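Trainee: I have a new model open and would like to learn how to read it. Could you walk me through a few features?

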Amino acid sequence: MNKKGKFYAVRTGRLPGIYTSWAQCEAQVKGYPNAAFKSFPTQEEAKAYVAGDFGAGVLAEEPCDAASERGRIDIYVDGSYRAGRYSWGYAVYSKGELLHCDKGLGMDEEAAAIRNVAGELAATVQAVEWALREGLERVYIHHDYSGISAWAEGSWQAKNKFTQAYARFMRKQSSLVRFVKVAGHTGVAGNEMADQLAKAALDERESDK
C-alpha cells in the first residue's frame, strides 16, 4: 500500500510522467531498458525531476494518472538517410494502440545535406500537421534525436535554414506539443515502428528504380 500523497515520477519509461500509485509507475518501468524513476512527497518535486531530463514544459503540467491518460495521443517520430535521400515516418498511438501511421521521402535535395536529421525534422512536422488536421488539443511527440525538442524549445541554436524553419513552425505549436525523449533502438515499440516506416520509404524508392 502506498503512502497517501506519494507521487511517482518516471523520467525514462514507456510513458514518462507523474503517477499516483506504485502499480501505475511499475507498469511504465518494469522491463524497460535503463528506466529512471523516483518517488516524491510532493507533486512539485516530482514535476521537477521529470522536467529535469527533458526540459521545461515536458509532461510536467499534468499528472499521468489513469484519468489524465484517457484519450492521450502519443506520436513517435523518426527519420532515415541512405545514398543521398532522406525519409520520415511517424506512428500515432492512443491508449497503447496504433491509431495511425505514415511515411514518405524528403523532396528537398539541399536538405539532404544534413542527412537523417532532415528526416527527423520532416517526421515531426508531418506528425504535427496531421494533429492539426485532426483538431487535436495536445499530442506527445516521442523522439530519439535530441534536436527535435532542443530546437523547438530554444535550448539549441538553429544555425541553418532548415532547423530555423523547423523552430519557427514548432514554436507556433507550443500549446499543442509536448516532447518526450526516448532512447533509440532499445525496443520501444513506437520508436521502432517509426524507424521501420522511415526505412520502408527508402526501400520503396529503391524498388521503384
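Mentor: Gladly. Let's begin with contacts, meaning heavy atoms within 4.5 Å. Of the contacts in the protein with a separation of 6 or more, 63% are between residues 24 or more positions apart. Keep in mind that this is a predicted model, where local features need pLDDT of at least 70, side-chain atom pairs count only at pLDDT 80 or more, and totals for chains, interfaces and linings use all residues. Residues are numbered from 1 along each chain as its sequence is written, and side-chain values use heavy atoms, with hydrogens and water left out.

Trainee: How many helices and strands does the protein have?

Mentor: Helices (H or I, at least four residues) and strands (E, at least two) are DSSP runs, numbered from the N terminus. Here there are seven helices and eight strands.

Trainee: Is His143 buried or exposed?

Mentor: Buried means under 20% relative accessible area, exposed over 50%, and partly exposed in between, with a 1.4 Å probe and protein chains only. His143 counts as buried because its relative accessibility is 1%. This residue belongs to strand β7, residues 139-143. Five of the five residues of β7 are buried, so the strand is largely enclosed by the rest of the structure. Val139, Ile141 and His143 lie on one side, with Tyr140 and His142 on the other.

Trainee: Which side chain makes a polar contact with that of His143?

Mentor: A polar contact is a pair of N or O atoms within 3.5 Å; within protein, one must be able to donate a hydrogen and the other to accept it, and residues adjacent in sequence count only if both atoms are side-chain atoms. For His143 the partner is the side chain of Ser149, at 3.4 Å. Beyond four places in sequence, His143 also has contacts that include Val77, Phe179 and Val182.

Trainee: Which strands pair with β7?

Mentor: Two strands pair if DSSP finds at least two bridges between them. Strand β4 (residues 73-82) pairs with β7 in the parallel sense over three bridges, and Ile75 has Ile141 as its bridge partner. Strand β8 (residues 177-181) also runs parallel to β7, joined by five bridges, with Val139 opposite Val177.

Trainee: What share of the protein's residues is buried?

Mentor: Of the 209 residues, 46% are buried. For β7, return to its two faces in your viewer: both are covered.
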